[in-house]
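Subject: Structure for you to look over

Hello,

Here is the structure I said I would pass on. Please open it next to the sequence and read my notes below.

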Amino acid sequence: MGLERALVVGMGEVGRRLASALAATGVEVVPVTRDAGWDAVRADPRSPLLLCVREEALPPLLDRLRGTDPARLVLVQNGWIRPLLAGLEGCTRGLVWFTSKGEFFRVLRPSPFAGPLAAPLAAALEAGGIAAAAVPPAAFGALDAEKMGFNCVVGLPLAVHGLALGEYLDRHGAEAEALFAESAGTCARALGAAADPEWWPTFLRACEPLGWVRASAAKALEYRSGAVLRLAREQGVAVPVTERLLAAL
């Protein structure tokens, strides 16, 4: 069965791009913001809810949605949100593999989704122009770890060094590779998955169009490099590059 209606919660860059792709295929999209659209949420107990807010805005949003059937929820956050998922077994998760900044939009890789709504959602997004794929939960775990490597390189070190991504990779390539390995490897261990040596060259290919990207401030550290440091301490392993960059910031 295809997707007929979806409530998109959070209309920032991710939410508006997903909403536009879904609407292009005939899905009825209901935008929900901090102050608008909640009457529609209360009136519709069955349609999927795509939660497209940033990681730090997710805990209060989940509190607001307490009691909602997890099977309706699609969490579209790239950070380490797994500690927030207790009691939400049966939800759908997605990882965004596109970059959207104003008019700039570039799909880097297909965005993976896992869970009960993964197949119809991925099919609708594909038809609407955003490459997406439904994957099994076990495969999603490895993809989650790999994406954490991406998140931790395209963020914290750019803010610390004051460089665009392309400049950073040119000047500090060894640091970037070590940071990626620490981040993806720590998260993979937490999931019982194996880090793939191909993740780093795949990262370099995916980020080629993003050499201009800058980060004036490192965002969502609690769910990105901060989460890597916490996980590493739990595992009893060292992540010296992550620790040094966090201390520098």
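Which residue follows α8, and is its phi positive or negative? The residue is Gly-192, and its phi is positive, near 70°. Bear in mind throughout that this is a predicted model.

**Overall picture**

The protein chain has 11 helices and 9 strands. Its radius of gyration is 18 Å, close to the 18 Å that the globule rule gives for 249 residues, so the chain is as compact as a globular protein of that length. Along the principal axes, the C-alpha atoms fill a box of roughly 50 × 40 × 35 Å. Of the 249 residues, 52% count as buried.

Taking contacts with a separation of 6 or more, 62% are between residues 24 or more positions apart.

The accessible surface comes to about 11200 Å². Carbon and sulfur atoms account for 54% of that surface. On charge, there are 25 positive and 26 negative, and their mean positions are 3 Å apart.

**Helix α8**

This helix covers residues 173-190. At 1.5 Å a residue, its 18 residues should span 26 Å, and the end C-alpha atoms are 26 Å apart, which agrees. Its buried residues include Glu-175, Leu-179, Phe-180, Glu-182 and Cys-187.

What covers them? The cover includes α5 (137-153), α6 (156-161) and α7 (165-171). It also includes α9 (199-206), α10 (225-235) and α11 (240-248).

**Ala-220**

Look at the loop between α9 and α10, where Ala-220 is found. Most residues other than glycine have a negative phi. The phi of Ala-220 is positive, near 55°. Is Ala-220 buried or exposed? Ala-220 counts as buried, because its relative accessibility is 11% and the cut-off is under 20%.

**Ala-131**

Ala-131 lies in the loop between α4 (118-127) and β9 (132-134). Its relative accessible area is 22%, so Ala-131 is partly exposed. Leaving aside neighbours within four places in sequence, Ala-131 is in contact with Val-107, Arg-109, Pro-110, Ser-111 and Glu-126. Leu-221 is 90 residues from Ala-131 in sequence. In space, the two are 27 Å apart, C-alpha to C-alpha.

Best wishes

Key: Residues numbered from 1 in each chain as written. Predicted model: local features only at pLDDT ≥ 70, side-chain atom pairs only at ≥ 80, totals over all residues. Heavy atoms only, no water. Helix = DSSP H or I, 4+ residues; strand = E, 2+ residues; numbered from the N terminus. Rg over C-alpha atoms; globule rule 2.2 N^0.38 Å. Buried < 20%, exposed > 50% of the residue type's maximum accessible area, 1.4 Å probe, protein only. Contact = heavy atoms within 4.5 Å. Areas by Shrake-Rupley, 256 points an atom, 1.4 Å probe, with all protein chains shown as cover. Lys, Arg positive; Asp, Glu negative; His and termini not counted. Charge placed at Lys NZ, Arg CZ, Asp CG, Glu CD. Expected span 1.5 Å × (residues − 1).
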